[in-house]
Amino acid sequence: MATIFISTGEVSGDLQGALLVEALYRQGRQQGLDLEILALGGQRMADAGATLLGQTTGIGSVGLFEALPFVLPTLKIQEQVKRYLRQNPPDLIILIDYMGPNLSIGGYLRRHLPQVPIVYYIAPQLWVWSQNQRDTQKVAEITDLLLAIFPEEARYFGEHQVNVNWVGHPLIDRMQGFPSRSQARVKLGIPEDQKAIALMPASRRQELKYLMPVMFAAAQQIQQKLPEVKFWIPLSLAEFREPIERAIADFKLNATLVDDQVQEVLAGADLAICKSGTVNLELALLDVPQVVMYRLNALTAWIARYIVKLSLPYVSPANLVEMKPIVPEFLQEQATPEALSESALELLLNPQIRQETLQGYSQMRQALGQPGVCDRAATAILEFWRSAQD
């Protein structure tokens, strides 16, 4: 029996963690290896077979002030899991994204369980936004093997003397199970001639405050110009249902909120207006044009811009892969209802602009690797663990 501990957080980390858990069990069976997987994560990882030591999908945030309500819950979970792992050392540790907590957990385990190898899968995007070498050095110090999902990520960490293996992006695997556009629209009951727009406002509580009102105001403007349009909103967390339903009513949107047909909503949409994140790549792989937005607390944004002097080339993964503007992005004060609705209508109604987006998607796919990513990652992890035993 080999015990593996996986640490991740937020909705996207739970998804990626679940895909990896399934692949680890699959590869373990093929190799005759009996695995026990413990995790910090969410329901998807639990459904995939991991035993949760803590629930972390609901305590994520972006920004300084936005993170304050989650500091104590995060520290509490960290202390509990550190204490448990020190008393019950696993055979292998896997960190997935979730930079702040994972650097803390990884540093603690490196000091107190130096004999246990640590793999970082889906590392922090330091190759995009790192302003200094401290965080990169921290990743290098705690990581025995880094499994990169982007070629540029592999190059960056390789240059910093990290043992790197590029496996590709796990969404390539997940997309194999998505329905076709026609299948999705039939299941949702969307007529072929109706314009369907997906709205993706929030996977973190702060986004209900800073993103949703702007996004829904943009949807309202689109609805005024195209009364026949229908909006579809996948529910990321059950606790968001009531505020989203209230906002739909307040903005008088012709919208349906769904909580168990996320894939159908994405695959069946003619367009999406969404926050930046993993969903941008999902939409790109489905050939669905999108408008991306993000907003933070105004003071957080000011500190990032003028004190930290953080400069990001792009925030959407769809643009970061090729480091060029494949999809339109609107950040902070640029993310207005007028800007979002205008860009959305162009993508929806202008065939040339729509086609340019699809061509950009086609180029971007080449940098995401071939199917079998999760199994390649699981195989690399288990082979690395076996070699560490020799």
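I began with Glu 153 and found it in helix H7. Helices here are DSSP runs of H or I with at least four residues, strands are E runs of at least two, and both are numbered from the N terminus. The model is predicted, so I kept its limits in mind: local features need pLDDT of at least 70, side-chain atom pairs count only at pLDDT 80 or more, and totals for chains, interfaces and linings use all residues. Residues are numbered from 1 along each chain as its sequence is written, and side-chain values use heavy atoms, without hydrogens or water.

**Helix H7**

I looked up the buried residues of H7 (residues 151–159) and noted Glu 153, Ala 154, Tyr 156 and Phe 157. They lie on the same side of H7, because their arc around the axis is only 165°. That arc is taken from the directions from the helix axis to the C-beta atoms. Buried means under 20% relative accessible area, exposed over 50%, and partly exposed in between, with a 1.4 Å probe and protein chains only.

I then listed the contacts of Glu 153, leaving aside neighbours within four places in sequence; among them are Ile 122, Trp 127 and Leu 146. Contact means heavy atoms within 4.5 Å.

Just after H7, I noted a positive phi of about 60° at Gln 161.

**Aromatic pairs**

Rings of Phe, Tyr and Trp (its six-membered ring) pair if their centres lie within 6.5 Å; planes under 30 degrees apart are stacked, over 60 edge-to-face, the rest tilted. I count 2 aromatic pairs by this rule. Tyr 156 and Phe 157 are edge-to-face, because their centres are 5.2 Å apart and their planes at 85°. Phe 157 is buried at 0% relative accessible area.

Phe 216 and Phe 251 have centres 6.1 Å apart and planes at 85°, so I logged them as edge-to-face too. Phe 216 lies in helix H11 and Phe 251 in the loop between helix H12 and strand S10, so the pair ties together parts 35 residues apart in sequence.

**Another positive phi**

Glu 10 has a positive phi of about 70° although it is not a glycine. I placed Glu 10 in helix H1 (residues 10–30).
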